[in-house]
Amino acid sequence: MITGSTQLLGVIGHPVKHSLSPLMHNAAIAHLGADYIYLPFPVAPAELPAAIAGFAAIGLRGFNITLPHKQAIIPLLDQVADVAQAIGAVNTVLRTDAGWQGTNTDGAGFIAPLKSLRSTWSDVTAVVLGNGGAARAVVAGCAQLGCPAIQVVGRSPEKLSQFLQSWQTSPLTVPLSVHPWGDLPTLLPQANLVVNTTPVGMAPQVDASPLTQENWDKVCPGTIAYDLIYTPNPTRFLQQARERGAIALDGLEMLVQQGAAALELWLQQPVPVEIMRQAAREHLGLTS
Ligand code: NAP
C-alpha cells in the first residue's frame, strides 16, 4: 500500500523496461511490509544530471543504475566506494547525510553462489572469457575471493591491454593477466573456474558457445563453469559444461544477489532473497 510516507527507490537506465529489478525488489518490499516502492526510470544520457538533481530534490532513498549510465553516474556522486572505483562502474546509489554514495554490488552478487562451493580459493586459477563491463565485476569478485591467478581472455589486443592497464591504479590488488583467445588450450587445463562474460549464447545466438568442443576437452571435470547469462537457461555453454562433468552455474543468482545486496543497503535490514529469486524465476518461466 502506498502511503503519505512511502519512500522511493528505483532503477535508471536507457532503456529500462527489460529490467527484472522492479519485479524482484517490489516482491521483497511487499513480503517485508516495508513502506517503500521501487520504480523504473527511463533516463536518456543527456538527462542524467537533471534526473539525479531531481532525485535529490524529491528525496529518493536510493537507486540502481543500469546501461548505459554505470560509468557516467560517477562524477555526479559525492562518494564512490573502493569496490566501485576498482570496477570502474556504479550499480547502486544510496542517499546519505553526506550526499549520494555510490557502490557496486555486482562483484558481491557474482561471488555469492561460489562461496558455498569451496572453503578456500587460494589455490584457484580463474579464466574469464571477455573483457567488457561484467568482466570487471568478475575480476573484482575473484580478487575478493582470494584467487591467486585471474586470466582474462579477449579478442582485441588493444582492449585487453587497456583492461590490464586500468587495474594497475586500482584500490584492489588483482593478480591479473590478459590473453588472446588462442591461449585457451594452455590456460584451460590449469583452470578451476571458467566464467563466460561474453554475450555468446544469448538470443538470437542460443546455439552458440564461447568454447569449442576442443576447448572443453581441455577442461578438467570438477571445474566450475559459470555463465553470467541467465536466459536461455541453461545456455549451450552450461550444457557442454555438464557433459564434461563440470559444475554449472548460471547468471540468475548473480542478478538476484546483486539486487539483494542493494536492497539491504537501502533498508538497513536483512532482505528475503528467496522471494526475490522466486519472482525472477517465475518471470523467466523457470519452474525447477
Ligand atoms: P560488454 O561490456 O559489451 O562486454 C562483452 C564482452 O564480450 C566484450 O569483451 C566483447 O569483446 C566480448 N564478446 C562479445 N561478443 C563476442 C564474441 N562473439 N566472441 C568473443 N567475445 C565476444 O557486455 P557486459 O555488460 O559485460 O555483459 C556481458 C554479458 O554478461 C551479457 O550476456 C550480460 O547479459 C551478462 N551480465 C549478466 C549479469 C548478471 O547479473 N547475471 C550482470 C551483467 C552482465 P570485445 O571487447 O572485443 O567487443
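A residue counts as exposed when its relative accessible area is over 50%, and as buried when that figure is under 20%. Keep those cut-offs handy, and keep in mind that you're looking at a predicted model.

Let's start with Gln268, which sits in the loop between α10 (252-267) and α11 (273-283). Its relative accessible area is 59%, so Gln268 is exposed. There's something else to look at here: the phi of Gln268 is near 55°, a positive value in a residue that isn't glycine. That's worth a second look because most residues other than glycine have a negative phi.

Step back into helix α10 and you'll find Glu253. Is Glu253 buried or exposed? With 18% relative accessibility, Glu253 counts as buried, because the cut-off for that is under 20%. The side chain of Glu253 makes a polar contact with the side chain of Gln257, at 2.8 Å. Setting aside neighbours within four places in sequence, Glu253 also touches Gly109, Pro113 and Arg277.

What does α4 meet in α5? From the α4 side come Asp106, Gly107, Phe110, Ile111, Leu114 and Lys115, and from the α5 side Ala137, Val138, Gly141, Cys142, Gln144 and Leu145. Sorted by type, the residues of this contact are seven nonpolar, three polar and two charged.

Now follow α5 to its other partner here, α6. The axes of α5 and α6 come within 12 Å and cross at roughly 45°, so these two are oblique to each other as well. Their crossing is right-handed too. In this contact, Ala135, Arg136, Val139 and Ala140 of α5 meet Phe163, Ser166 and Trp167 of α6. The residues involved divide into five nonpolar, one polar and one charged.

While you're at α6 (residues 157-167), pick out Ser161. Ser161 has a relative accessible area of 45%, so it is partly exposed. Its C-alpha lies 7.5 Å from that of Val178, though Ser161 and Val178 are 17 residues apart in sequence.

Next come the loops on either side of α8 (213-218). The loop between β10 (193-196) and α8 holds Pro204, and a cis peptide bond with omega of about 5° joins Ala203 to Pro204. At 4% relative accessibility, Thr223 counts as buried. A polar atom of the Thr223 side chain lies 3.4 Å from the backbone oxygen of Ala191. Not counting residues up to four places away in sequence, Thr223 touches Ala191, Asn192, Leu193, Val194, Ala246 and Ile247.

Carry on past β11 and you reach Pro232, in the loop between β11 and α9 (236-244). What kind of peptide bond joins Thr231 and Pro232? The bond is cis, with omega of about 5°.

Methods: Residues numbered from 1 in each chain as written. Predicted model: local features only at pLDDT ≥ 70, side-chain atom pairs only at ≥ 80, totals over all residues. Heavy atoms only, no water. Contact = heavy atoms within 4.5 Å. Helix = DSSP H or I, 4+ residues; strand = E, 2+ residues; numbered from the N terminus. Nonpolar A, V, L, I, M, F, W, Y, C, P; charged D, E, K, R; others polar. Buried < 20%, exposed > 50% of the residue type's maximum accessible area, 1.4 Å probe, protein only. Polar contact = N/O pair within 3.5 Å; in protein donor to acceptor, adjacent residues only side chain to side chain. Axes fitted to C-alpha atoms, helices over the stretch in contact; angles between N-to-C directions. Parallel < 35°, antiparallel > 145°, perpendicular 65-115°, else oblique. Left-handed = near helix turned anticlockwise from the far one by under 90°.
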